[in-house]
Amino acid sequence: ESAMACADIIKENNWSTALIVTDQYHLLRSILLFRQFGIQTVGSAPDKSKIEIGQLRWWQMIFREALAIPWNIILTFVHKIRRC
């Protein structure tokens, strides 16, 4: 929903690119979502190591993102179909 709302704002202002700043494990999905809405993106993530957030937590977040990427792609296509 955030990517969709931001993409609408970006397009309304005739902008074409966005800088996405988020955690490293979440960056790929964020970039993919914005690109699905036609926004060129550049991503940046803070330097956090697995040690700082904990190895188990790191892998939990990676697993969550691995499931969320295909789900968000499906939702994006459904949204685009409904808009047409």
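## Strand β1 and Ile20

Ile20 makes contact with Leu27, Ser30, Ile31, Phe34, Thr41, Val42, Gly43 and Ser44, leaving aside residues up to four places away in sequence; a contact means heavy atoms within 4.5 Å. The residue is found in strand β1. Helices (H or I, at least four residues) and strands (E, at least two) are DSSP runs, numbered from the N terminus. With a relative accessibility of 8%, Ile20 counts as buried, where buried means under 20% relative accessible area, exposed over 50% and partly exposed in between (1.4 Å probe, protein chains only). Ile20 and Pro70 are separated by 50 residues in sequence and by 20 Å in space, C-alpha to C-alpha.

## Basis of the model

The structure is a predicted model, in which local features need pLDDT of at least 70 and side-chain atom pairs count only at pLDDT 80 or more, whereas totals for chains, interfaces and linings use all residues. Residues are numbered from 1 along each chain as its sequence is written, and side-chain values use heavy atoms, with hydrogens and water left out.

## Overall architecture

The chain contains four helices and two strands. Their order along the sequence follows the pattern α-β-α-β-α-α. The C-alpha trace spans about 45 × 25 × 15 Å along its principal axes.

Of the 84 residues of the chain, 30% count as buried. The accessible surface of the chain amounts to about 6100 Å², and carbon and sulfur atoms account for 61% of this surface; accessible areas come from the Shrake-Rupley method with a 1.4 Å probe, and for residues only the protein chains shown count as cover. Among contacts in the chain with a separation of 6 or more, 57% involve residues 24 or more positions apart.

## Helix α2 and its packing

The buried residues of α2 are Tyr25, Leu27, Arg29, Ser30, Ile31, Leu33, Phe34 and Gln36. They pack against α1, β1 (17-21), β2 (40-44) and α4. One of them, Gln36, has a relative accessibility of 18% and so counts as buried. When residues up to four places away in sequence are not counted, Gln36 touches Ile73, Thr76, Phe77 and Lys80. Just after α2, Gly38 adopts a positive phi of about 85°.

## The aromatic pair

The structure holds one aromatic pair. Tyr25 and Trp58 form this pair in an edge-to-face arrangement, at 6.4 Å centre to centre and with 85° between the planes. Tyr25 lies in helix α2 and Trp58 in helix α4, so the pair ties together parts that are 33 residues apart in sequence. The criterion is that rings of Phe, Tyr and Trp (its six-membered ring) pair if their centres lie within 6.5 Å; planes under 30 degrees apart count as stacked, over 60 as edge-to-face and the rest as tilted.

Both partners are buried: Tyr25 has a relative accessible area of 19%, and Trp58 a relative accessibility of 11%.

## The largest pocket

The largest pocket has a volume of about 360 Å³. Of the 17 residues that line this pocket, Glu1, Ser2, Met4, Leu33 and Asn72 are the closest to its centre. Elements that give two or more residues to the lining are α1 (2-12), α2 (24-36) and α4 (55-83). The greatest contribution comes from α4, with six residues. By residue class, the lining divides into eight nonpolar, six polar and three charged residues; Ala, Val, Leu, Ile, Met, Phe, Trp, Tyr, Cys and Pro count as nonpolar, Asp, Glu, Lys and Arg as charged, and the others, Gly among them, as polar.

On a 1 Å grid over the protein atoms alone, a pocket is an open set of points with protein on both sides within 12 Å along at least five of seven lines, whereas a cavity is a set of points where a 1.4 Å probe fits but cannot get out; lining residues have an atom within 4 Å of a point. Grid points are joined across faces, edges and corners, and a volume is the space filled by probe spheres set on the points.

## Exposed positions

Phe63 is found in helix α4 and, at 55% relative accessibility, counts as exposed. Phe63 and Met4 lie 59 residues apart in sequence and 23 Å apart in space, C-alpha to C-alpha.

Asn14 is located in the loop between α1 and β1. At 70% relative accessibility, Asn14 also counts as exposed. Its phi is near 60°, a positive value in a residue other than glycine. Most residues other than glycine have a negative phi.
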